[in-house]
Amino acid sequence: MKHFNVKGMTCSACSTRVEKAVSSIEGVKECSVNLLTNSMAVDTELPDEEIMAAVSKAGYEASKKGSKSKEKKDNENDNISSIKKRLISSSVFLLGLMYFSMGYNMFLFPVPGFFDGNYIGLSLLQLVLSGIVLIINQKFFINGVKSLINKSPSMDTLVALGSGISYIYSLITVFMMSQSQLQNDIGATAHYFHNLYFESAAMILVLISVGKLLEEISKGKTTSAINNLMKMSPKNTVVLRGEKKVSIPTEEVKVSDIFFVKPGEQISVDGIIIEGSTTVDESVLTGESIPIDKNAGSNISAGTMNQTGYIKCKAKKVGEDTTLSQIIKIVQEATSAKPPIARVADKISGIFVPAIIAIAVVTFGIWMFISSDIGYALERGISVLVISCPCALGLATPVAIMVGNGVAAKNGILFKTAQSLENTGKCKYVILDKTGTITSGKPKVTDIIPKGRYSKEDLLQTALSLESKSEHPLAVAIINEAEKSGLQPKEVRGFKALSGNGVRAEFDKRVLLGGSIKFISKNIEVDSDLMKEANRLSTEGKTPMLFSEDENIVGLIAVADTVKSDSKDGIEELRKMNINTVMLTGDNENTARYIGSQIGIDNIKAEVSPIDKERVVREYKEKDRTIMVGDGINDAPALTSADIGIALGAGTDVAIDSADIVLTKSNLRDVPAAIRISKATLTNIYQNLFWAFFYNILAIPIAAGVFVSFGLTLNPMIGALAMSLSSFCVVINALRLNLYNPFKTRKTGDKTDNKDNNKIIKTGEEKMKKIIKIEGMMCPHCEANVKRNLENINGVEEVKVSHKTGSAEITSKDKLENTLVKEIIENIGYKVTDIKEV
């Protein structure tokens with residue numbers, strides 16, 4: 001996709017003209033023109049010169065879009081500055097003109113003796129002053145005539161016709177007045193003087209300029225989210241050159257360069273920390289306000305803020321390859337594309353201006369026939385020309401899309417296309433892959449059950465010593481759990497991975513065995529109680545492993561891919577929005593139902609192979625619009641097949657490329673948030689389109705004099721003001737989206753229907769409190785980290801944490817499992833020593 005800047009567009013008729021001109025070229029697959037950003041995206045292999053020539057032939061100017069934000073910002077500033085200069089200079093002459101026309105005629109303002117009663121002198125002065133205003137605002141006439149010659153009349157054509165006809169009519173009237181003066185016909189001279197429209201000709205241009213200035217300023221605010229992202233990367237970076245640290249422009253940093261970041265500085269490129277530790281504020285990318293701890297080996301991203309430590313890093317991605325640049329690119333492409341709803345407005349805009357010119361001519365003819373008063377008939381025709389507003393139609397959709405995308409990006413939700421932003425809110429089914437989406441995708445120890453004389457520590461120590469030489473994912477989970485308890489592996493001899501899911505080693509002349517129930521039971525007798533416990537854990541989707549020492553069972557450790565803390569909240573919010581949820585998993589029916597019961601999923605599809613995922617999505621698409629949420633390579637076909645594919649930012653590149661939306665925080669609560677943003681944006685578009693249509697449908701008949709018998713009419717100056725404010729109102733309405741909070745859920749009643757167990761769970765009747773003793777918290781940042789994670793637990797209403805006392809207090813509306821609380825705290829690097837209910 002190639003991107004161009006387009007100059008000279010003033011309304012939707014202009015953008016439609018450019019789009020048609022480029023789309024008609026053979027070899028252009030798709031063309032989308034954005035009036036809001038004065039930009040054009042073209043899908044073609046043709047040379048840039050050929051595209052720009054087509055735009056030029058249509059009467060506009062195109063240039064290749066640069067990669068830097070400064071170019072766009074300079075264009076915006078130049079445009080606003082140009083309008084300001086025109087407006088100020090025009091206003092000075094307009095004030096003089098209004099003084100000698102309306103001021104003298106209506107309010108009897110004093111004038112120099114030479115002009116008092118001198119109609120010819122006053123008329124010539126008005127002619128000169130208004131002529132100067134027309135020359136200052138010649139852009140309207142140049143653009144208007146150009147578009148008329150190119151058979152694509154625009155808003156500038158309407159303004160030029162309205163102002164130009166007023167001026168020419170007044171010029172002819174001055175000539176007629178001079179003839180009456182020569183004939184000493186004072187009555188006729190006075191009549192002609194009171195029918196001059198010089199002030200209308202000038203006032204129309206000034207008022208339109210006022211509206212354009214307000215519109216440009218407001219349009220600049222709609223792109224603030226993207227502009228703020230563009231400012232995130234610092235201009236210079238300190239890198240290592242030989243043995244010296246030197247500061248160079250960020251665009252000169254190359255992959256594998258060593259660079260340094262001080263506390264309080266923004267990180268310039270994507271990289272990996274090779275020395276030092278710090279905390280990094282990643283809110284610009286993820287929307288998450290709590291800083292993240294980073295150490296040697298941690299990845300860092302451009303645009304994020306280094307807060308506490310001095311770090312030495314190695315560049316991995318630079319320039320347009322950084323995460324920040326990719327986010328900016330996705331948002332820009334989404335805002336440059338047109339959603340389906342914009343097509344209706346485009347079709348109307350294409351015929352709008354010619355239709356208005358025709359209506360103005362008919363209005364003039366009818367009033368000439370009815371009243372024979374050319375002045376009044378001309379006033380009605382000019383009013384129709386200047387009150388009609390194609391701009392409001394053209395801006396209705398792009399401004400809402402731009403602001404909606406900005407709100408989403410600030411919250412870590414990236415819509416890749418405008419079509420996905422429009423359609424997401426219309427979906428009725430959300431299908432979620434289990435592994436890595438609902439669950440963490442990484443096995444964790446969930447249960448430690450020692451046997452006989454052995455303690456939990458003995459069991460963990462035995463398991464750690466055995467599994468420390470294994471690279472199996474389940475072994476990694478046991479190693480991580482043991483390390484949290486401060487255990488170190490003991491050196492074993494003769495380690496072997498045996499067929500049948502087991503390992504064997506020797507320590508201090510004792511034989512250690514570890515593995516599945518089937519493997520251990522072949523070598524050692526396992527009592528029935530332990531077998532029952534293992535079977536129970538298996539039905540809960542956990543993998544039980546037994547460990548033995550010689551002929552003695554040391555105990556059982558269960559490992560499972562645990563449900564993420566945000567999954568239940570996200571799915572609960574979807575259900576409150578009356579959206580059906582479906583979980584896809586390769587697990588057996590019992591395991592799938594157990595996991596489904598934990599999170600409150602509506603429908604479960606168990607034993608689904610990766611190949612079958614796409615088939616299931618197609619089945620649900622036949623019922624209604626469908627969203628697929630996934631993170632893996634095997635989810636890519638299903639993501640592509642769904643109406644809307646949502647990929648988690650932590651997922652594979654293939655999944656992200658296949659998706660329509662990317663959630664940078666990999667949080668399932670962002671799925672309902674994305675749906676809410678889509679609905680809010682679509683509602684805003686409908687409001688804008690309603691206003692644009694309603695305004696024109698109401699204003700044009702009033703300007704034409706249809707309701708004159710009721711005393712309802714408009715003169716050209718009021719019409720010009722109304723036209724200016726109509727597009728301004730559309731932009732201001734779109735800016736309201738910036739105040740929208742996609743995570744604010746509507747209030748629900750005291751009862752929640754749980755479809756999984758067909759019970760009504762009453763909430764709010766009793767509060768539960770727990771006091772947790774925690775080791776490892778050293779500072780307020782640790783407090784914030786623990787508090788944030790505990791607040792994510794479903795049902796938690798209040799959390800108080802103190803690193804000084806080493807404790808946390810949780811208030812919840814439902815009973816919380818101690819194992820869940822402990823797991824969440826220990827997963828972020830702290831140790832729970834005690835949990836008490838108050």
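At what angle do the axes of helix α5 and helix α6 cross? The views below, taken from a predicted model, start with that pair.

**View 1. Helix α5 crosses helix α6.** The axes of α5 (residues 138–149) and α6 (residues 155–182) cross at roughly 115 degrees. They come within 7 Å. The crossing is left-handed. On the α5 side, the contact is made by Phe 140, Phe 141, Asn 143, Gly 144, Ser 147 and Leu 148. On the α6 side, Met 155, Asp 156, Thr 157, Val 159, Ala 160, Ser 163 and Gly 164 take part. Sorted by class, this contact holds 6 nonpolar, 6 polar and 1 charged residues.

**View 2. An open sheet is built from 4 strands.** The strand order is β2-β3-β1-β4. Pairing is antiparallel. The edges are β2 (28–34) and β4 (61–64), each of which pairs on one side only. Neighbouring strands are turned against each other by 25 degrees on average, direction ignored. Inside the sheet, β1 (residues 2–7) and β3 (residues 39–44) pair over 4 bridges. Lys 2 has Val 42 of β3 as its bridge partner.

**View 3. Strand β9 pairs with β10 and with β12.** Strand β9 covers residues 278–281. Thr 278 and Val 280 point one way from β9, while Thr 279 and Asp 281 point the other way. Are these residues buried or exposed? All are buried. An antiparallel pairing of 3 bridges joins β9 to β10 (residues 292–294). There, Thr 279 has Asp 293 as its bridge partner. Strand β12 (residues 305–306) is also antiparallel to β9, over 2 bridges. Asp 281 stands opposite Met 305 of β12.

**View 4. Ser 383 is a buried residue of helix α13.** Helix α13 spans residues 374–387. Ser 383 has 1% relative accessibility, so it counts as buried. Which residues does Ser 383 contact, leaving aside neighbours within four places in sequence? The partners are Ala 703, Leu 714, Asn 715 and Pro 716.

**View 5. Helix α17 is mostly covered.** Of its 12 residues, 9 are buried. They are Leu 459, Leu 460, Gln 461, Thr 462, Ala 463, Leu 464, Ser 465, Leu 466 and Glu 467.

**View 6. Buried residues of helix α18 pack against other elements, including α17.** Helix α18 covers residues 473–484. Its 12 residues should span 16 Å at 1.5 Å a residue. The end C-alpha atoms are 17 Å apart, which agrees. Leu 474, Ala 475, Ala 477, Ile 478, Ile 479, Glu 481 and Ala 482 are buried. What do the buried residues of α18 pack against? They meet strands β16 (439–450), β20 (543–549) and β21 (552–563). They also meet helices α17 (456–467) and α29 (818–827). Gly 486 follows α18, with a positive phi near 80 degrees.

Technical notes:
Residues are numbered from 1 along each chain as its sequence is written. This is a predicted model: local features need pLDDT of at least 70, side-chain atom pairs count only at pLDDT 80 or more; totals for chains, interfaces and linings use all residues. Side-chain values use heavy atoms; hydrogens and water are left out. Axes are lines fitted to C-alpha atoms, for helices over the stretch in contact, and angles run from 0 to 180 degrees between N-to-C directions. A crossing is left-handed if the near helix is turned anticlockwise from the far one by less than a right angle, and right-handed if clockwise. Contact means heavy atoms within 4.5 Å. Ala, Val, Leu, Ile, Met, Phe, Trp, Tyr, Cys and Pro count as nonpolar, Asp, Glu, Lys and Arg as charged, and the others, Gly among them, as polar. Buried means under 20% relative accessible area, exposed over 50%, partly exposed in between (1.4 Å probe, protein chains only). The expected span of a helix is 1.5 Å times one less than its number of residues. Two strands pair if DSSP finds at least two bridges between them.
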